[in-house]
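Thanks for coming. I'd like to walk you through one model this morning. Please have a look at it before I start.

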Amino acid sequence: MPFSSLSDPADIARAYAALDAIWNEVKERIPGDRHDSEKRRIAYLVAEFAAMALDEEELKRNVLLHLRQSAAA
């Protein structure tokens, strides 16, 4: 469970909202056979970055930046 480290209901809701927003932005660029594994990977990134973000938008921005940097490397 990627969000099991989060205990505050508001943090969990923010993480799910950020995951949905990120997924909606990137899913078209991911081959269909990799959707499940990539969404799971993104969920773990959201959980990892959640403590450092002030709000859902910052969380989304940080994860997307990380994904772009990883793709460019």
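Let me begin with one side chain. Leaving out residues up to four places away in sequence, arginine 14 touches Ala50, Ala53, Leu54, Asp55, Glu56 and Leu59. Contact here means heavy atoms within 4.5 Å. Arginine 14 sits in helix α1. Arginine 14 is buried, with a relative accessible area of 15%. The cut-offs: buried is under 20% relative accessible area, exposed is over 50%, and partly exposed lies in between, with a 1.4 Å probe and protein chains only.

Now the ground rules. This is a predicted model, where local features need pLDDT of at least 70 and side-chain atom pairs count only at pLDDT 80 or more, while totals for chains, interfaces and linings use all residues. Residues are numbered from 1 along each chain as its sequence is written, and side-chain values use heavy atoms, with hydrogens and water left out.

Next, the helix pairs. Helices are DSSP runs of H or I with at least four residues, strands are runs of E with at least two, and both are numbered from the N terminus.

Start with α1 and α3. Helix α1 covers residues 9-26, and it packs on α3 at an angle of about 45°, with the axes 9 Å apart. The axes are lines fitted to C-alpha atoms, for helices over the stretch in contact, and angles run from 0 to 180 degrees between N-to-C directions. So α1 and α3 are oblique to each other. On this scale, under 35 degrees is roughly parallel, over 145 is roughly antiparallel, 65 to 115 is roughly perpendicular, and the rest is oblique. The crossing of α1 past α3 is right-handed. That label applies if the near helix is turned clockwise from the far one by less than a right angle; anticlockwise gives left-handed.

Which residues meet there? From α1 come Arg14, Ala15, Ala17, Ala18, Ala21, Ile22, Glu25 and Val26; from α3 come Glu56, Leu59, Lys60, Val63, Leu64, Leu67 and Arg68. By class, the contact of α1 with α3 has 10 nonpolar, no polar and five charged residues. Nonpolar covers Ala, Val, Leu, Ile, Met, Phe, Trp, Tyr, Cys and Pro; charged covers Asp, Glu, Lys and Arg; the others, Gly among them, are polar.

Look at the charged residues here. Lysine 60 belongs to helix α3. Is lysine 60 buried or exposed? Lysine 60 is buried, at a relative accessible area of 18%. Beyond four places in sequence, lysine 60 touches Ala18, Ala21, Ile22 and Glu25.

Glutamate 25, in helix α1, is partly exposed, with a relative accessible area of 32%. Setting aside neighbours within four places in sequence, glutamate 25 contacts Lys60, Leu64 and Arg68. Glutamate 25 and leucine 64 are 39 residues apart in sequence, and 9.1 Å apart C-alpha to C-alpha.

Alanine 17 is also in helix α1. Alanine 17 is partly exposed, with a relative accessible area of 26%. Alanine 17 and leucine 64 are 47 residues apart along the chain, and their C-alpha atoms are separated by 14 Å.

On to α1 and α2. Their axes come within 10 Å and cross at roughly 135°. α1 and α2 are therefore oblique, and their crossing is right-handed. Among the residues that meet are Leu19 and Trp23 in α1, and Ile42 and Val46 in α2. The classes in the contact of α1 with α2 are nine nonpolar, one polar and four charged.

Last pair. Helix α2, residues 35-50, and helix α3, residues 56-72, have axes that come within 10 Å and cross at roughly 125°. That makes α2 oblique to α3. α2 passes α3 in a right-handed crossing. The contact of α2 with α3 has eight nonpolar, two polar and one charged residues.

Finally, the core. A nonpolar core is a set of buried Ala, Val, Leu, Ile, Met, Phe, Trp, Tyr and Cys residues joined through side-chain atoms within 4.5 Å. The largest one has 21 residues, and Phe3, Ile22, Ile42, Val46, Leu59, Val63 and Leu67 touch the most other members. Each of α1, α2 and α3 supplies at least two residues of this core. α2 gives the most, with seven residues. Beyond four places in sequence, phenylalanine 3 touches Ala15, Tyr16, Leu19, Ala43, Val46 and Ala47. In soluble globular proteins, nonpolar side chains tend to be buried together.
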